[in-house]
Amino acid sequence: MCLSVTAALVLSGCEREVKPAPPFKRTEYNRVVIGNSVEPATLDPQKAGEMAANTVIRQLMDGLTASDGEGKTIPGLATHWESQGDRIWTFHLRDAQWSNGDPITADDFVYSFRRLTDPKTGGIYGGYLADGKVLNADAIMQGKARPETLGVKALDKKTLQFTLTESVPYFPDMMVMAWTYPVHRATVEKYGDKWTQPEHYVSSGAYLLKGWRVNSHIKMEKNPKYYDHDSVSIPAVTMLPAGNEFNRYRADEVDVTYSVPQDQIKSAEKEFPGQVHHITSLCTWYLEPNHRMPPFDNPKVRRALSMLTDRNIVTKVAQRGDRPAYQLTSPDMQGVDQIAPDWKDWSHEKKVAEATRLLNEAGYNDSKPLTFEVLYSTNESSRKQISALRSIWKTAVPFIEASLINQEWKTYQDTRNTGSFTLSFGGWCPDFNDPSSMLNIFRAGSANNVFHYENRAFDKLLDDTLSAGRTPEERTKLYTQAEAMLQQDTAFIPLYHQVMVNMVKPDIRGYSDHDPLLNYVVKRWSFAPETPEK
C-alpha cells in the first residue's frame, strides 16, 4: 500500500521496486558525454554570464588562473604571480599557443580585459573588474573613460600587470572565471558575433569547438596545440542540455549528469550505488523582489513574505539535502559569520500574526488581496518549489494571491535583466570563495543587481573591506555587518543553500565532488581501465 502525503505542497509518490543495475562496462573510449543544465546563451567569454556557458568555455579556454578539485586557485596560463601591497598584481605567462598556432601573449589579455569592461560589448560581467577595483574600470563601464585607460598593461609579451585602486587580496581568485579568459583578437575582429561558430572558434584550452547544435549538443575535440596536450586523456567531449539526461544515463548514453530528478534521488542511489554524488556547493537560492515594482517596493511586504516562508518545507521538496538559508553567503564560505533575522525562532503563530499586521499596514487585507506574479525558469524542480511556496503563503494568510509564470531559460534571463518582473525565483553561485563574490550583486549599479536594491551604507561596507591593512578578522566583521543590513532591509528572501546531486559513471577517474565552486575540467579526467590498445 502506498500513501500520498501532502503538506500544502506536492510531496508525494510511490517508489517502484529498485534493484541495482548490472555492472557498467564501457564499449567506447573515444568521448565523454555530460549533461550541462541549460543551453548556453553564448560561448564568448566576455559576453558569458551563466553557469552553463562558463562550464563549456572552461573546457575550450584557459585563464590566468584555474581551480583544482578542492576549489583552490592554481596556475593557468600564468605560471606564477606576485603583488605589491595587493594593489599592483603582476602575472607571468607560460609559453602557450592558440589553437591556430599563434602565441598567447600579454597583449591578448589586455585586449580581452578592455573588451570585457567596454560597455559596447554588452557583457553581463562588464563590471567584474570594477568589483576588483582595477583602475578606471568603473568609469569605463559607465562610459566616462576610454577602455584604453583600464589599469592593465603588457610589460612584455609574457608579463601582464594590473593596477588597482584598493588592496584586493583575492584578485588572483577572480581570474578563475570564464569572462576573464582571453580571446583571439584577429578572429573576433574578423568575424564579429559569428566568431563563436565552430568553424571560426580559436581556443586557448584543452579542447576545440567542433560542433554546436542549439538545444541538442555541443561537441569538442582535443586541441593538439594545447600546451599540456600530452596530459589530456579523454579525446572528445559532448555536452547536452539537461533534459532527459537521467534516462539517458540509465541507457549508458550519458556519463555525467548535471543533476538527478528530485523524486529519483533515493531510487538512483539504490539502482546505481556509489554513482550518485552529493556536492556541498556555495550556491544560494532565493526570491528576488523587484524594489522598483509594487508591491515589493514596500519593505513591509518583503518582510512579511520572508517571515511566512517555511524554508524547511521548501528544502524537503528538492530532497537533495539543501540547508535552509537566512542570509546570502553559505556556511561553507570562508570569511563570514552566520546570522539570522530576529523572527527566525518565533512560533508559526507569531510569524503569521506579525506578517498579517505588516501587510495590513501596507494596505492589504481580505477586501484588497496582495496579488503578485512569481517568475521562474521552466524546470520541474523549480515549479514544485514555487508551488509549495504559494501554498505556504496562502495557507498562512488567505488574502495572499500569487500566480506563477514560467519562461524558457533565455527568455527568463532577459525578463530579469530588463526588470520586467515583480518577484522571481533565482540563485547565485560565487565566482570565487570570498563573501564579496556573493555580496557584490547587491551593489547599486551592479549589472547583476536585478533586485534594484540601493543602499549607499551597504556599498560603503563592502568598500571598507578593501581598505589597506585590513586583517581577515576585520573583513569578516564587515561582511557580517553587510549581511545584517540585507536582512534589516529584507533586500531579498533567502530560501536555501544548495547541495548539488549528480551521477558519474564508475569508470571515470579524476572527477571531484569536493569543489564547492563546481569548476570541473574534463582535461583532468580519464577512463579506467585506460583506452584499450588497438
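Colleague: Which residues of helix H15 are buried?

Modeller: In this predicted model, helix H15 spans residues 456-464, and its buried residues are Phe 458, Asp 459, Leu 461, Leu 462 and Asp 464. The cover over these buried residues includes helix H14 (436-439) and helix H16 (472-489).

Colleague: What is found at the start of H15?

Modeller: There, Asn 455 places a side-chain oxygen within 3.0 Å of the backbone nitrogen of Ala 457.

Colleague: Why does Leu 305 count as buried?

Modeller: Burial is read from relative accessible area, with under 20% as the cut-off. Leu 305 counts as buried because its relative accessibility is 1%. This residue belongs to helix H9 (residues 299-308), and, leaving aside residues up to four places away in sequence, Leu 305 touches Phe 296, Phe 372, Trp 393, Ile 400, Leu 423 and Ile 493.

Colleague: In what order do the strands of the open sheet of six strands run?

Modeller: The order is S12-S16-S11-S15-S13-S14, and the pairing is mixed. Strand S12 (323-324) and strand S14 (400-407) are the edge strands, each pairing on one side only. S12 pairs with strand S16 (residues 493-503) in the antiparallel sense over two bridges, and Arg 323 stands opposite His 497 in S16.

Colleague: What is the mean pLDDT of the protein, and where is the pLDDT below 50?

Modeller: The mean pLDDT is 92, with 96% of the residues reaching 70 or more. Over residues 1-15, however, the pLDDT is below 50, although this stretch has 19 contacts in the model beyond near neighbours in sequence.

Key: Residues are numbered from 1 along each chain as its sequence is written. This is a predicted model: local features need pLDDT of at least 70, side-chain atom pairs count only at pLDDT 80 or more; totals for chains, interfaces and linings use all residues. Side-chain values use heavy atoms; hydrogens and water are left out. Buried means under 20% relative accessible area, exposed over 50%, partly exposed in between (1.4 Å probe, protein chains only). Helices (H or I, at least four residues) and strands (E, at least two) are DSSP runs, numbered from the N terminus. Contact means heavy atoms within 4.5 Å. A polar contact is a pair of N or O atoms within 3.5 Å; within protein, one must be able to donate a hydrogen and the other to accept it, and residues adjacent in sequence count only if both atoms are side-chain atoms. Two strands pair if DSSP finds at least two bridges between them. pLDDT is the predictor's confidence in each residue, from 0 to 100.
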